[in-house]
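Let us walk through the spaces and the surface of one protein model. Keep the structure open as you read.

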Amino acid sequence: MSALIKPSGTRNLRLLFKQLHAVRAICVSSKCYTDDHAQKPKSSAEHYDIIIGGGGLVGTALAVALGKNKVLNDKRILLLEGAPPFRGFNVEAQYGNRVSAINNNSVELFQSIGAWDYMEERRVKHVKQMQVWDACSDALIKFQDEHFAADVACIIENDLMLDALYAQLADNTNTQNVEVRNNSRIEGVQLSVDTGDKYSQVHLKDGKTLTCELLIGADGANSLVRKQMNIDVFSLEYQRRGVVATVQLEDPCDNTVAWQRFLPTGPVALLPLSDTLSSVVWSTTIPHAKHLLELSEADFTKALNEAFFQGIPQEWSCCQCNEYIKFDYWT
Ligand SMILES: Cc1cc2nc3c(=O)[nH]c(=O)nc-3n(C[C@H](O)[C@H](O)[C@H](O)COP(=O)(O)OP(=O)(O)OC[C@H]3O[C@@H](n4cnc5c(N)ncnc54)[C@H](O)[C@@H]3O)c2cc1C
């Protein structure tokens, strides 16, 4: 990588990742689904065919996809989100720190539900190559299409993806059967499969109870719906935190490569946003993450350049490398 990184006035660091979960599944209580239309309490405003718990990227994308599915046209679908209404995305504003590298399958999904053009018209960075390498060995892998013809990924701000999805829901010509309720936190769930009742019940923080035939949990890493469905997950606290930032490149360039270097303390990634800006996702030990957050912009930039460029003696074992990195940053 030839570009050096210098601080942008827009840098805004945040500490992320309390605990990473190996499984972030959508939990579907398919057992409570019924085709018995005659017995549905259609007149009740509090009954839905499908309730999606959680209006993040997964829940909102699913709500749009289900709403646009002609087979489900006669189904009442409810998207329940605990937070206030989404604040929207402003293309004139600085880049957000929360961005995602999405693969071509996700692009196709967005295209199929009509959300892609909205994003493309604002700001999507097309990535032609991903280069991942190890700091303690010669191991290196590159992902690219032949002659860089096709993208290997696209980098998009999470807020832009959400904005595009909510725009689809707002334009209810195709999603009129989808209702969105904000400030509606799920506090408890009783599944029909457990109670023997015809419908599953969803209890909200405001005291309301809703019923549904199909309940989908899209309420994030610590999903309450998943817990109440007794779905096992394997999770591991591996004492790492992620630091995210937006940095400015020293010289403008095509900036179509996503870089990731595996340091003994964890991977650091540089994802292109524009010809002059990249997004940083730096996973590292908890003390080191705290240390990074306390650095001045100039010192953070120096540490980031070292993380990408500094040689680490190959004869060091990973354990020794760990000490090496710590010593280097903390003195
Ligand atoms: C630093 C970082 C970088 C990442 N980079 C990438 C990447 O490059 N590519 C990629 O594919 N993924 C990436 N990910 C992962 C990706 O961001 C997540 O997998 C994705 O955002 C999860 O979306 P979600 O909708 O399942 O959950 P969330 O975004 O957590 O949304 C859950 C929603 O449910 C709501 N909710 C929670 N509990 C309740 C409740 N009880 N009642 C009602 N609503 C509730 C919340 O308010 C929230 O809106 C990254 C993650 C991080 C932290």
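About 40 Å³ of space lies in the second largest cavity. A cavity is a set of points on a 1 Å grid over the protein atoms alone, where a 1.4 Å probe fits but cannot get out. Its volume is the space filled by probe spheres set on the points, which are joined across faces, edges and corners. The model is predicted: local features need pLDDT of at least 70, side-chain atom pairs need 80 or more, and totals for chains, interfaces and linings use all residues. Residues are numbered from 1 along each chain as its sequence is written, and side-chain values use heavy atoms, without hydrogens and water.

The count is two cavities of 30 Å³ or more. Which residues line the second largest cavity? Tyr95, Arg123, Val124, Lys125, Ile155, Ile156, Glu157, Pro272 and Leu273 do, each with an atom within 4 Å of a point. Strand β11 (residues 153-157) gives the most, three residues. Strands are DSSP runs of E, at least two residues long, numbered from the N terminus. The lining divides into six nonpolar, no polar and three charged residues. Here Ala, Val, Leu, Ile, Met, Phe, Trp, Tyr, Cys and Pro count as nonpolar, Asp, Glu, Lys and Arg as charged, and the others, Gly among them, as polar.

Now look at Tyr238. This residue is found in the loop between β16 (235-236) and β17 (240-249). Is Tyr238 buried, exposed or partly exposed? Tyr238 counts as partly exposed because its relative accessibility is 42%, between the limits for buried (under 20%) and exposed (over 50%), with a 1.4 Å probe and protein chains only.

Notes
1 Å grid on protein atoms, 1.4 Å probe; cavity = no way out; pocket = protein on both sides within 12 Å on 5 of 7 lines; lining within 4 Å. Helix = DSSP H or I, 4+ residues; strand = E, 2+ residues; numbered from the N terminus.
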